[in-house]
Structure formats: C-alpha cells, structure tokens
Amino acid sequence: MPTLSEQITQQLRDWISQGKLPPGARLEEIPVAQQLGVSRTPVRSALQMLSAEGLIEHRPNRGYTIKEFNLEEIMSAYEARAALEAAACRKAALNGVSTEMAQQLRQCLVVGDGLLAKGRLTPQQELSYQQMNMDLHRLLAKAARSPQVQKYIEHINNAVPQASSRVMRWELDLGILRRSHDDHHRIVAAVLERDAHRAQQLMEEHVYFAGLLFRQSYLQQAAQHAAQQGQKKSPQLRR
C-alpha cells in the first residue's frame with residue numbers, strides 16, 4: 001500500500017498531466033493540504049519528492065512552481081520513451097509472458113474496445129480510457145522483467161508528464177483514439193506471439209505517433225496564444 005505522501009505525490013502528478021496545475025503555477029503546502037484534507041507533513045514530503053524528480057522547482061522566497069518544459073525537451077522525452085518502451089516490448093516478446101500477464105493485457109484491450117464502441121466518450125469514460133492506456137503500457141514495461149528499463153520508463157512518465165502515457169489528446173477525434181487502440185492490439189499480439197522485432201517496431205511507432213500529436217497540439221496552442229496576445233497589443237482604431 002502506498003503511503004499518504006506517495007498518494008499525494010501521485011495526485012499532484014495527475015493534476016499536472018491533466019493541466020489542472022499549469023506550467024509556472026505555484027504550489028504551496030497549506031492550500032494543497034486544505035484542498036486534499038490532510039496535514040502539511042505529507043504534502044511537504046510530496047513536494048520534496050516532485051522537486052527531486054524535476055517536475056517542480058523550488059525558488060527562494062517563491063516556494064514551489066510547476067516546471068515549464070519547452071517543446072524540444074518534451075519531444076526529447078517522447079523519443080527516449082519510444083526507445084525504452086520499444087526495448088521493453090522486445091524483451092517481453094523474447095522472454096515470453098505468463099498466462100496471468102497475457103490475461104491482464106487482453107483485458108485492457110477488451111476495456112478499450114468497449115469504451116470506443118460507444119461512439120463518443122463522456123468525461124468519465126475519457127478517464128477510464130486513460131487509465132486503461134496507462135495500465136497497458138505499465139504491464140508491457142513490467143513484462144520485460146527488467147527493473148532498470150521499467151525504472152527509466154517510470155522516471156520519464158513522472159519527470160515529463162506531457163510525454164507520459166497519462167497524456168491523452170482529447171481534442172482530437174475518436175478516430176485517432178481508435179487508431180491508437182488498434183496499435184495496442186497489434187503490439188500485444190506481437191508480444192504474445194513472441195515476435196520481438198515486430199513488437200519493438202510497433203511500440204516505437206506508437207509512441208512516436210503520440211509525440212507527433214502532442215507537437216501538433218502544442219504548436220496550435222502556441223499560435224492561438226500568440227494571436228490573442230497580438231490582438232491585445234493592437235491599438236484600437238479611433239473614430
């Protein structure tokens with residue numbers, strides 16, 4: 001069972017990856033403790049842990065702030081994650097997976113199929129799909145039976161949440177999610193069939209594609225922000 005401070009750490013990670021705590025936002029012990037209904041002690045430990053991971057920064061006289069990553073840093077994290085998760089799938093295929101692990105992977109696919117078959121996702125269903133996606137990627141990393149690879153993948157997911165398996169591009173149409181879940185089917189099939197080369201290639205392309213989607217969204221939002229700032233600075237016409 002995770003400790004209270006570990007639970008709070010994960011909750012803050014989730015808020016950051018979901019955009020509830022945007023880059024540059026301040027994090028203070030008392031407001032966070034009040035919001036979560038806990039004492040300051042576990043919150044302090046959680047903030048220290050997130051700071052050690054590099055997800056938040058401590059600045060003198062300003063406390064903690066959410067770290068701002070530029071596009072290059074995020075895309076580099078996607079590249080690293082693609083290579084590591086691809087290597088994990090290769091090792092999982094070479095080693096073979098247990099009957100229990102195979103059942104868990106197939107169950108993730110069933111959950112995703114059921115959600116996407118509805119034609120649209122409610123906010124709660126979006127969270128369910130996101131959880132399924134995280135579970136599937138974690139299972140595949142675990143199936144590699146390499147503590148080092150699993151550790152490095154988890155580090156990227158925690159340190160650069162924008163590049164983690166927690167991030168879903170909900171503003172894209174359902175067809176994108178269906179393509180992504182079709183990838184899941186092909187990846188799991190390759191792992192279970194012990195086709196190491198195919199499993200590696202499929203996962204690398206899967207994460208790479210997710211990075212391209214993030215880049216597209218990032219640039220669109222940056223352009224919109226720049227346009228809005230330009231409108232604010234433009235002088236009003238005199239009548």
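User: In what sense do S2 and strand S3 pair, and over how many bridges?

Analyst: This is a predicted model, and the pairing described here is read from its coordinates. Strand S3 covers residues 63–66, and S2 covers residues 56–59. The two strands pair in the antiparallel sense, and the count is 4 bridges.

User: Which residue of S3 stands opposite Arg59, and which is the bridge partner of Glu57?

Analyst: Both partners are found in S3, with Gly63 standing opposite Arg59. For Glu57, the bridge partner in S3 is Thr65.

User: Which residue in the hairpin of S2 and S3 takes a positive phi?

Analyst: The hairpin of S2 and S3 has 3 residues between the strands. Within this hairpin a positive phi near 65° is taken by Asn61.

User: What is the order of the strands in the open sheet, and which are the edge strands?

Analyst: The open sheet has 3 strands with antiparallel pairing, and their order is S1-S3-S2. An edge strand pairs on one side only, and this applies to strand S1 (26–27) and strand S2 (56–59).

User: Which helix lies across S1, S2 and S3, and at about what angle to S2 does it run?

Analyst: The helix that lies across S1, S2 and S3 is helix H3, made up of residues 40–53. Relative to S2, helix H3 runs at about 105°.

User: How are H4 and H7 oriented to each other, roughly parallel or roughly antiparallel?

Analyst: Helix H4 (residues 71–95) and helix H7 (residues 147–159) pack with their axes 10 Å apart, at an angle of about 150°. Their crossing is left-handed. Angles over 145 degrees count as roughly antiparallel, and H4 and H7 are therefore roughly antiparallel.

User: What is the N to O distance in the salt bridge of Glu57 and Arg59?

Analyst: Glu57 is partly exposed, with a relative accessible area of 28%, and Arg59 is likewise partly exposed, with a relative accessible area of 33%. The side chains of Glu57 and Arg59 meet in a salt bridge, with an N to O distance of 3.1 Å.

User: How many residues apart in sequence are the parts that the pair of Glu205 and Arg179 ties together?

Analyst: Glu205 forms a salt bridge with Arg179, and their closest N and O atoms are 3.8 Å apart. Glu205 lies in helix H9 (residues 196–233), while Arg179 lies in helix H8 (residues 174–192), so this pair ties together parts whose separation in sequence is 26 residues.

User: Is Asp183, which meets Arg186 in a salt bridge, buried or exposed?

Analyst: The side chains of Asp183 and Arg186 meet at 2.7 Å, N to O, and the two residues, 3 apart in helix H8, are separated by about one helical turn. Arg186 is partly exposed, with a relative accessible area of 35%. For Asp183 the relative accessibility is 9%, and because buried means under 20%, Asp183 counts as buried.

User: Which residues are linked with Glu29 in a network of salt bridges, and to how many salt bridges does the count come?

Analyst: The network of salt bridges links Glu29 with Arg40 and Arg44. With a side-chain nitrogen of Lys or Arg required within 4 Å of a carboxyl oxygen of Asp or Glu, the count comes to 8 salt bridges.

How values were computed. Residues numbered from 1 in each chain as written. Predicted model: local features only at pLDDT ≥ 70, side-chain atom pairs only at ≥ 80, totals over all residues. Heavy atoms only, no water. Buried < 20%, exposed > 50% of the residue type's maximum accessible area, 1.4 Å probe, protein only. Pairing = 2+ DSSP bridges. Contact = heavy atoms within 4.5 Å. Axes fitted to C-alpha atoms, helices over the stretch in contact; angles between N-to-C directions. Parallel < 35°, antiparallel > 145°, perpendicular 65-115°, else oblique. Left-handed = near helix turned anticlockwise from the far one by under 90°.
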